[in-house]
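User: I'd like to go through some labels on this structure and see what backs them up. Can you walk me through it?

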Amino acid sequence: MTVNGKAVERLVEPRLLLIHFLRDELNLTGPHVGCDTSHCGACTVDLDGRSVKSCTMFAVQAAGAEILTIEGMAAPDGALHALQEGFREMHGLQCGFCTPGMILRAYRLLKENPAPSEEEIRAGIAGNLCRCTGYQNIVKAIQYAAAKAAGTPFKEAAE
Amino acid sequence: MIPGAFEYHRPKSVADAVKLLSELGEDARPLAGGHSLIPMMKLRLATPEHLVDLGAIGELKGIRQDSGTIVIGAMTTQHALIVSDILATKLPILREAALVVADPQVRYVGTLGGNVANGDPGNDMPAVMMCLDAAYTVLGKQGERRISARQFYRGAYATALAAGEIVTEIRVPVPATGHGHAYEKLKRKVGDYATAAAAVVLTMSGGKVASCAIGLTNVAETPLLAEEAAKIVVGSSLDAATVKKAAAAAEAITSPASDSRGSAEYRTKMAGVMLSRALARAKSLAA
Amino acid sequence: MNEMTPTREERAERLEGLGCKRKRVEDIRFVQGKGSYVDDLRLPNMLYGDFTRSPHPHARIKKIDTTKAKAVPGVLAVLTAADLKPLNLHYMPTLAGDVAAVLAEDKVLYQNQEVAFVVAESQYAAADGAELVEVEYEPLTANVDPFKAMAPDAPLLREDLKDKTSGAHGPRKHHNHVFTWQMGDKDGTDAAFRKADVSIKEVISYQRVHPCPLETCQCVASFDKVRGELTVWGTFQAPHVIRTVASLISKIPEHKIHVIAPDIGGGFGNKVGAYPGYICAIVASIVTGLPVKWVEDRIENLSTTAFARDYHMTTEIAATRDGKVTGLRVYTIADHGAFDACADPSKWPAGFFNIVTGSYDFPVAHVTVDGVYSNKAPGGVAYRCSFRVTEAAYCIERAMDILAQKLGMDPADLRMKNFIKREQFPYTSALGWEYDSGDYHTAMKKAMDTVGYAKLREEQRTRQEAFKRGETRELMGIGVAFFTEIVGAGPSRNCDILGIAMFDSAEIRIHPTGSVIARLGTKSQGQGHETTYAQIIASELGLPAADVTVEEGNTDTAPYGLGTYGSRSTPVSGAATAMAARKIKAKAQMIAAHMLEVHEDDLEWDIDRFSVKGNPERFKTMKDLAWAAYNSVPPGLEPGLEAVSYYDPPNMTYPFGAYICVIDIDVDTGVSKVRRFYALDDCGTRINPMIIEGQIHGGLTEAFGIAMGQEIRYDEAGNVVTASLLDYFLPTAVETPKWETDWTTTPSPHHPIGAKGVGESPNVGGVPCFANAVNDAFKFLGSTHIPMPHDAWRTWVAAEKLGLHT
């Protein structure tokens with residue numbers, strides 16, 4: 001498979017979950033484990049153009065796939081992706097644990113829908129749980145990134 | 001959190017998949033999207049010794065129209081149902097139901113075949129398929145056969161599938177143009193299974209219901225076809241009294257589990273409420 | 001060419017000090033996936049531990065067979081109570097003066113209790129081993145009903161306490177009794193009730209819930225046999241306390257134990273105490289000489305670690321006919337589960353529940369709390385509760401609404417009539433707390449004006465009429481909550497954890513080139529300490545916050561602290577930060593005087609410099625003074641520029657707030673929709689408004705979850721039925737309402753920068769606000785109290801009982 005642009009090949013046990021393959025074999029500890037019933041989304045990565053909960057897939061199922069994790073979001077020169085910038089600008093994170101999964105989901109969401117309404121953003125991230133922020137600033141962070149991609153100025157909605 | 005060990009197979013064709021399942025016997029399970037099976041394996045509630053991954057079989061994907069029937073490959077994801085133009089115009093209730101299945105990530109991987117075939121009373125598509133009078137094409141070592149959705153569900157996790165058989169495609173007769181539809185799902189939050197849900201497809205003529213089919217989700221061990229309730233509304237203008245009677249008829253066939261979504265009594269009543277709302281919404285969409 | 005001289009405003013802005021919406025320092029690594037959480041840690045030859053747990057809520061253990069487990073390839077050892085007993089580690093002391101089993105010996109007392117610990121070379125092998133430990137149980141009758149815990153025929157749970165007629169907190173009156181705690185004037189209160197015009201009485205239950213941070217509890221223990229030293233990385237909100245406890249129970253001296261709390265993925269009180277996983281990992285590491293990692297999964301977390309609440313409060317208020325409260329009486333049954341593992345300060349077995357007089361001027365009050373054991377997970381104090389303050393606030397805010405209903409008064413009016421007045425502060429409550437400062441009337445009025453309260457009540461009346469006429473099936477509820485909470489534990493005279501006073505600390509060192517390193521005894525789990533402590537230092541010392549590194553969590557380098565929970569970081573370590581900075585500033589002033597050849601008293605402080613009074617072109621910036629501190633200090637002074645402060649707060653702090661919300665309820669499904677939620681918080685001086693707002697959003701979202709659906713529920717047989725995220729209600733972005741935040745600022749008079757702390761306020765005030773709104777919707781139909789959670793099902797049942805579905 002290709003992970004963050006690099007070709008990777010390993011021999012693994014069939015039952016090895018993709019999340020553990022990424023974290024333990026490839027040392028990509030950005031995606032996290034937050035639950036055991038596929039609800040929280042902290043493990044979300046982008047796989048062949050889809051937001052996928054990597055805890056609910058075996059690594060072997062991902063053979064041949066192209067995977068993007070949080071570690072691959074910044075540009076090669078280190079410039080942060082608009083989403084990474086937006087999360088910081090808008091205080092869209094506190095403990096940071098849901099953040100990698102949330103950003104990867106937002107990444108695909110903005111590709112599905114480059115100008116989502118607030119309601120569409122909330123529905124779009126409904127597979128990612130956060131305990132710290134109450135989502136309000138996460139919505140703003142995603143709106144910030146959408147505006148940046150469109151080249152329009154981002155105006156925070158009045159409280 | 002950690003599944004038990006198993007052997008993994010990744011056939012390239014349906015024929016190979018069926019052959020493998022037949023050879024490996026009852027310790028083998030087919031793997032579609034895996035978003036029902038893998039969570040059960042992680043809790044060690046399911047411990048198959050072999051998994052036959054259907055993910056590399058191209059012939060199981062795709063949506064096409066075959067004269068009056070829409071044919072959907074079993075490995076078509078919920079996401080693909082949502083973005084399909086054919087379905088948006090011809091079978092809008094599928095898109096509507098798919099949008100309330102689980103969450104965005106699960107929809108990218110979960111398949112229609114998996115949703116209709118595993119017999120989980122909580123899955124949304126079975127009741128919709130019964131409502132649409134769909135049929136499943138099934139392939140096993142004895143060959144291919146077709147099973148009507150309305151005959152497919154026997155009990156919780158018990159279906160008409162014989163050992164080693166898999167659903168390869170779902171065949172849905174295209175509803176009449178101008179039909180009204182609604183899938184009304186009561187749930188605790190996005191991503192939850194239904195507390196109760198009702199699928200309605202109907203046609204109107206001269207202000208009265210000309211035809212109607214009703215499916216109910218998660219209020220019994222199987223999805224339910226509410227035939228009596230549908231009979232009651234046909235010929236009516238869906239006036240309050242008729243809807244009330246239909247809801248009562250629907251409630252009468254339910255036997256939901258009591259769980260954290262609510263008591264059996266509550267869930268039965270909610271089946272009635274969801275049906276009433278689905279009828280109203282379907283009517284508003286009908287030509 | 002002259003340099004452009006910055007204005008005073010520009011110099012202040014550059015500091016990013018108090019009041020600045022400074023962007024967070026910690027975000028830089030988190031948004032890149034470069035946080036260092038415990039499970040990210042990899043050490044050479046690291047082993048993994050996993051538990052075999054009891055399926056029974058109450059059972060005798062007849063036999064444990066570990067043969068099959070040990071035969072799994074990769075499994076090195078399986079620990080049971082028999083292995084821990086010779087080390088006296090099969091039980092561990094709790095923070096509440098009880099003991100808790102590490103591995104069950106003769107009995108299991110709650111479903112999923114730890115029975116065996118499998119140590120293996122991989123996480124997967126450990127899981128396989130844990131499945132194969134064979135345990136023979138003899139099931140016993142369980143009790144999970146707190147009201148039945150002290151019945152004469154209630155099953156005996158704690159055989160280890162069978163003959164003990166007293167516990168850590170006094171006499172025990174039943175084999176399932178933990179303690180009785182009371183406070184206030186019993187006779188005076190009884191008298192007030194005897195002569196009251198009006199009184200209300202209601203059993204107000206706060207259901208068992210769980211903080212559920214997104215990262216579960218975990219640790220890596222690594223014992224170095226050569227050095228005889230133990231290092232433990234873990235999800236520890238109080239790393240120094242963990243070190244001291246580890247030393248006391250392992251007998252390894254404290255200087256040879258290194259406890260490190262790295263990045264923590266949310267705490268909310270779930271990660272204060274010690275768990276069997278930590279102890280077993282430590283023992284396994286000592287035995288094998290290799291690092292051992294333990295990471296619990298979500299079901300383990302929800303069903304066995306520190307739960308919250310389970311308080312059942314029989315509440316009475318006495319009042320005059322025109323709505324003046326004259327007395328408060330509360331009797332509480334507190335379900336502590338199988339072991340009292342509450343993380344309370346040791347003299348407070350019911351936490352600070354005596355804040356239950358709330359924002360109201362009760363002349364007399366009395367509270368009694370009976371703690372009981374049951375076949376549920378141990379704990380009690382967690383989840384943004386400030387030590388039972390959430391329970392107390394829910395109690396008084398519901399009770400005031402019930403009283404208002406009985407009197408036929410508007411709930412906001414009743415509150416206004418009974419608020420402690422501004423001029424009464426500092427105010428000593430009838431239950432013994434000295435509230436530091438408050439201006440409740442101003443806050444309440446601001447809240448009511450902003451939401452248009454009178455108009456909302458008018459709208460509600462219109463809609464009630466429409467409902468009665470059958471024109472709508474929706475009910476509108478307006479929730480009002482005005483909380484006063486108590487945080488910042490706390491003064492050494494009454495606050496200690498296991499005998500260690502609850503001071504906290506800050507050590508600040510300025511480097512020669514003017515940048516700073518500060519180490520604190522607290523430990524952030526997402527509150528942004530790396531950003532906010534630097535802001536305090538920036539304002540105190542005139543050095544840019546960007547030049548301040550803040551460290552927490554390494555017990556070797558950080559000064560001793562009691563950790564972060566109960567909103568204590570700002571009140572206690574924030575104060576220590578200011579005090580340490582002021583010590584440095586005093587020395588800097590002496591250096592400045594020496595350099596400028598003036599007397600110290602001839603200098604004045606101006607944002608980032610000392611300048612000569614009347615001669616401001618003669619000045620030395622703190623940066624100049626830092627350099628000078630390393631090469632030209634005045635005679636008699638040591639070189640260097642640093643200080644440490646251990647701050648023993650003179651009092652707790654008392655943040656308060658006015659919350660108002662509007663909920664619309666669909667009577668036929670029971671589904672509630674939050675139309676609007678307005679939260680006004682007064683936390684005194686506001687260090688970083690952006691971070692405060694984030695804390696409020698997060699706390700309100702937790703409150704929303706609690707009020708509208710969360711519960712850790714047990715069936716009658718004692719099985720825990722809501723122990724996974726399938727059923728434990730964590731709202732997504734779709735269900736979560738939009739929050740409106742606002743503030744007033746009433747500084748704390750005793751705090752060096754007037755700050756009170758804010759993290760827990762939204763959970764304290766949010767829950768009663770939601771609950772009052774739902775109850776308010778049904779009031780006009782005769783309902784007085786509907787308990788939480790207000791999920792669709794239970795709300796529908798309430799509507800059904802009122803006959804609304806015929």
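**Labels and their cut-offs**

Analyst: Glu7(B), Glu26(B), Asp27(B) and Glu49(B) form a negative surface patch. Before we go on: this is a predicted model, where local features need pLDDT of at least 70, side-chain atom pairs count only at pLDDT 80 or more, and totals for chains, interfaces and linings use all residues. Residues are numbered from 1 along each chain as its sequence is written, chains are lettered from A and ligands numbered from 1 in the order in which they are written, and side-chain values use heavy atoms, with hydrogens and water left out.

User: What makes Glu49(B) partly exposed?

Analyst: Its relative accessible area is 46%. A patch takes residues with over 30% relative accessible area and no salt bridge, joining like charges within 9 Å and nonpolar side chains (Val, Leu, Ile, Met, Phe, Trp, Tyr) within 5 Å. As for where Glu49(B) sits, look in the loop between α2 (37-42) and β3 (50-53) of chain B; helices (H or I, at least four residues) and strands (E, at least two) are DSSP runs, numbered from the N terminus.

User: Why do Lys186(C) and Asp190(C) count as a salt bridge?

Analyst: The term needs a side-chain nitrogen of Lys or Arg within 4 Å of a carboxyl oxygen of Asp or Glu. Lys186(C) and Asp190(C) have N to O at 3.0 Å, so the pair qualifies. They're four residues apart in helix α6 (residues 186-194) of chain C, which means about one helical turn between them. Lys186(C) is partly exposed at 43%, while Asp190(C) is buried at 16%.

User: How do you know that Glu391(C) and Arg388(C) are buried?

Analyst: Glu391(C) has a relative accessible area of 0%, and Arg388(C) is at 0% too, so both fall under the buried cut-off. Their side chains meet in a salt bridge at 2.8 Å, N to O.

User: What makes the size of chain C agree with a compact globule?

Analyst: The radius of gyration is taken over C-alpha atoms, and the globule rule is 2.2 Å times the number of residues to the power 0.38. For 806 residues that puts a compact globule near 28 Å, and chain C has 28 Å, so the two agree. Of those 806 residues, 66% count as buried.

Key
Accessible areas come from the Shrake-Rupley method with a 1.4 Å probe; for residues, only the protein chains shown count as cover. Lys and Arg count as positive and Asp and Glu as negative; His and the chain ends are not counted. The place of a charge is taken as NZ of Lys, CZ of Arg, CG of Asp or CD of Glu. Buried means under 20% relative accessible area, exposed over 50%, partly exposed in between (1.4 Å probe, protein chains only).
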